[in-house]
Structures are given as C-alpha cells and as structure tokens.
Amino acid sequence: MDKETYSFMYPTRIASFSFRFSDHAMQWLCGTTTDDNSRETGNFTLFGDLLARMALTDGAANGFHRPLMLSAGQAQYSEEQLSSQWNMGRKRIRNLLAMLTEMGLIDTCRSRVASVMTFPCLIGWKTADGGITSNPFTHEQREE
C-alpha cells in the first residue's frame, strides 16, 4: 500500500472535538508536508489520519499482529505502516512524530511489542450518538 492508493482516514462516529493548540502547532497544522515523491499533503490531513486511529472507548486495537488493550484517547500505530501509507521513509516518520510530540499534538510510547500514541492537545470529543468523553491524556499545552 502506498500514498498513490491510500485514502487518508478521517475520524468517524464523532460529532465534534475540542482541542487546545499552541501557536506553533496551529501554524504547522495549516501547512503541508511533502512525501518521497514530492507530493504535498496538508498537515491537518496527516493529523486527522492519526486521530482517526484513536480508540473512542476502551478495548483492543484492530488491525495489528499484536493488538493492545487501549483506553479511550489512545491509538496503536506502526511507523512501518505510516511510512507505507504516507510514502515517507521510517526515519522521516520518526522525525515527524518527534516534532508532533514537541508541539504537544501527540505523545508516544514505543516498546518491543507495540507503539501507542495519545493526543494531549485533545480536550474531549462528542460522539455522533451524543456521548461526551473527556480525554484522560490531556495536559496543559506547552509554551513555545
């Protein structure tokens, strides 16, 4: 699978999100990132693709060889999978994730078994059926 055939995911079953972004994060989200074939993708599209992987309720992650039990607000991810889907090298994906962490958009925890991402900039969300969830992984936005 590569970006030529990959359709970026968007969060589903969500009526609305509530975020807290730093100025630096907002500037980045409004920009673009170029893949290995010099095609540009909006950074908000990339962030939305990560956010679409987030568990809305506690449970096992889907689509992984070793799925983890996730809490609402967590997402299991694979640098290799992101690399293939976004058409960027793994080192570039790792650097991009580090930059998102520095801006306070995500936090990551990697282990030998799996990698998990949280979204500290996300205050909470309202599902399409009206349920409201506060993000347990929210923390104050870092100042740039």
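This is a predicted model: local features need pLDDT of at least 70, side-chain atom pairs count only at pLDDT 80 or more; totals for chains, interfaces and linings use all residues.
Residues are numbered from 1 along each chain as its sequence is written, and side-chain values use heavy atoms, with hydrogens and water left out.

## Aromatic rings

A pair of aromatic rings is described by the distance of the centres and the angle of the planes.

## The nonpolar core

Phe119 leads us on to the core. A nonpolar core is a set of buried Ala, Val, Leu, Ile, Met, Phe, Trp, Tyr and Cys residues joined through side-chain atoms within 4.5 Å. The largest one holds 30 residues, and Trp86, Leu97, Leu105 and Phe119 have the most contacts inside it. At least two residues of this core come from each of α1 (23–29), α2 (43–51), β6, α3 (79–86), α4 (90–102) and β9 (122–127). These elements are DSSP runs numbered from the N terminus: helices are H or I with at least four residues, strands E with at least two.

Contact means heavy atoms within 4.5 Å. Setting aside neighbours within four places in sequence, Phe119 touches Phe47, Leu50, Leu51, Met54, Gly73, Ala75, Leu105, Ile106 and Asn135.

## Strand β6 and Gln76

Both faces of β6 are covered, with Gln74 and Gln76 buried on one side and Ala75 and Tyr77 buried on the other. Four bridges join β6 to β8 (residues 115–118), and the two strands run antiparallel; strands pair if DSSP finds at least two bridges between them. Tyr77 has Ser115 as its bridge partner in β8.

Gln76 sits in β6 (residues 74–77) and has a relative accessible area of 5%. A polar atom of the Gln76 side chain lies 2.9 Å from the backbone nitrogen of Leu68. That is a polar contact: a pair of N or O atoms within 3.5 Å, where within protein one must be able to donate a hydrogen and the other to accept it, and residues adjacent in sequence count only if both atoms are side-chain atoms. Beyond its neighbours within four places in sequence, Gln76 has contacts that include Ala61, Phe64, Arg66, Pro67, Leu70 and Val116.

## Helix α3 and what follows

At the start of α3, a side-chain oxygen of Ser78 comes to within 3.3 Å of the backbone nitrogen of Glu80. Glu79, Leu82, Ser83, Gln85 and Trp86 are buried in this helix. The buried residues of α3 pack against α2, β6, α4 and β7 (107–110).

Asn87 comes after α3 and belongs to the loop between α3 and α4. Most residues other than glycine have a negative phi. Asn87 has a positive phi near 55°, and Arg13, in the segment before β1 (14–19), has a positive phi of about 65°. Asn87 also lies 9.8 Å from Ser38, C-alpha to C-alpha, although the two are 49 residues apart in sequence. Ser38 itself is in the loop between β2 (32–34) and β3 (40–42).

Here are the accessibilities of some residues discussed in this report.

| Residue | Relative accessibility | Class |
|---|---|---|
| Arg13 | 58% | exposed |
| Ser38 | 61% | exposed |
| Asn87 | 16% | buried |
| Cys30 | 65% | exposed |
| Cys121 | 0% | buried |

## Cysteines

A disulfide is a pair of cysteine sulfur atoms within 2.5 Å, and the whole structure has zero of them.

Technical notes. Buried means under 20% relative accessible area, exposed over 50%, partly exposed in between (1.4 Å probe, protein chains only).
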